Amino acid sequence: MSSIESVLETADSNTDAALERLFALLRMPSISTDPAYHSDCVATADWLVAELSSLGFDASRRDTPGKPMVVAHGGPQDGPHVLFYGHYDVQPADPLNLWKSDPFDPQIEERDGAKVIRARGAADDKGQLMTFVEACRAWIETSGALPLRVTILFEGEEESHSPSLVPFLKENAEELTADIALICDTGMWDTQTPSICTMLRGMVAEEIIIRAADRDLHSGGYGGPAANPIRVLSHILASLHDDQGRVTLDGFYDGVHEVPGELAQQWESLGFDAEEFLGKVGLSVPAGEQGISALHQIWARPTCEFNGILGGYTGDGFKTVLPAEARAKISCRLVWDQDPLAIREALRARVHHLLPADCEVEFIPHGADRASVMAVDNPAFEAARQALADEWPKEAVYTGGGGSIPIAGHFKQVLGLDSMLIGFGQDDDAIHSPNEKYDLNSFTGGTRSWVRVMAALAK
Ligand SMILES: [Zn+2]
């Protein structure tokens, strides 16, 4: 095997040609949500198949009821095996008038003394997936082969809720199963600090409708004796937290664990500034669970939040009505081993417990997904973290993610794989917005990072 240094040199010397390849990919308007671009999505999949085939991958376009998948196999037939995931579809570019140039005519722009690539999909996710392809190229051009067994899966429906993904994983489970999945669709902690996201919150969501009288009532005629669904609903909602910000549902914290000391130390070292974080959205004082830092609240603690509430007269002016019904949409972000279905049951039990005579409740469930917590004691994590630290100015950190990335859950549930979420995006990339960009440094540093991570995982 060639030394890493010579592979990195190849990667560096390829930068101009790599940008040309990325630009060719960015010129294809693979907008998955708009049927008008269906043939562009297929053409993009074909382009990727050709690109991977030219590197010696056994690559194919795999049609689905939606947009095609691209699957490719390369490297030795035995030894460590990674599944690399990225998506080639993009968000619509609207509103077009806010772009400085055609979103599908990529440009290099100077910003604050650094070069950025501006185009729809530059960061999400074409630039990111090409970092891995270019790393593969550097290995193959330098040593004639990949250092480990690689299966690539590129999806074309990520921006439209991945309807074909789980069926495709199920049908092709044997072909796609590897030792670990690498997902390149996230960001660095900052421009100096790479990260591996190892914890993603899950969610359970529920809509509650409280009904009382069989029609809206006049508050002069019935106010007093008639049950008011808004009051009932408010009482229920107010009961869900104590004055320390903790959720009061029975068993809510079952399966919530302490953050292990070493991980907590890494998080501490990030110097997360809660005031600055809140300041960006016009807030100043951390709410939520008392005594728990804002970062821990987002990455490692569950929530119960009210996302919508509706009832009675909400138009202009005033109407003295006792409404026949009131409704609320509630979602809980979940961590560690919390069981979404048990929490749904506890919520329903609380509602029934507080429901007065003459009132009825209807529940509408809206999704229930466990948190994804990766097994970082798998040596691959530490190997990758070290490899990233070798590339960037600052030590790589294990981070959490407050939201969810469904693909990681699907890989776990369907293929039994842990995922390493390693990405090189930055907070200001404006993904999904006008003037999306990807730092040139993210592209070249990302490519070099994958060269190193592949070598580390090959051992
Ligand atoms: Zn993405």
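With which side chain does the side chain of Gln 91 make a polar contact?

Reply: The partner is Glu 159. This is a predicted model. In it, the side chain of Gln 91 makes a polar contact with the side chain of Glu 159, at 3.0 Å.

Now the setting. Gln 91 sits in a loop. That loop runs between strand E3 (81-87) and strand E4 (107-111). Leaving aside residues up to four places away in sequence, Gln 91 touches Ile 31, Arg 120, Glu 159 and His 432.

Next, the wider picture. The protein has 15 helices and 18 strands. Its radius of gyration is 25 Å, close to the 23 Å from the globule rule for 459 residues, so the protein is as compact as a globular protein of that length. The C-alpha trace spans about 85 × 50 × 45 Å along the principal axes.

Helix H1 (residues 4-13) packs with helix H15 (residues 440-458) at an angle of about 155°, and their axes are 10 Å apart. The angle is over 145 degrees, which makes H1 roughly antiparallel to H15. The crossing of H1 past H15 is right-handed.

The residues in contact are these. H1 contributes Ile 4, Val 7, Leu 8, Ala 11 and Asp 12. H15 contributes Thr 447, Arg 448, Val 451, Arg 452 and Ala 455. By class, the contact of H1 with H15 holds six nonpolar, one polar and three charged residues.

Notes:
Residues numbered from 1 in each chain as written. Predicted model: local features only at pLDDT ≥ 70, side-chain atom pairs only at ≥ 80, totals over all residues. Heavy atoms only, no water. Axes fitted to C-alpha atoms, helices over the stretch in contact; angles between N-to-C directions. Helix = DSSP H or I, 4+ residues; strand = E, 2+ residues; numbered from the N terminus. Parallel < 35°, antiparallel > 145°, perpendicular 65-115°, else oblique. Left-handed = near helix turned anticlockwise from the far one by under 90°. Contact = heavy atoms within 4.5 Å. Nonpolar A, V, L, I, M, F, W, Y, C, P; charged D, E, K, R; others polar. Polar contact = N/O pair within 3.5 Å; in protein donor to acceptor, adjacent residues only side chain to side chain. Rg over C-alpha atoms; globule rule 2.2 N^0.38 Å.
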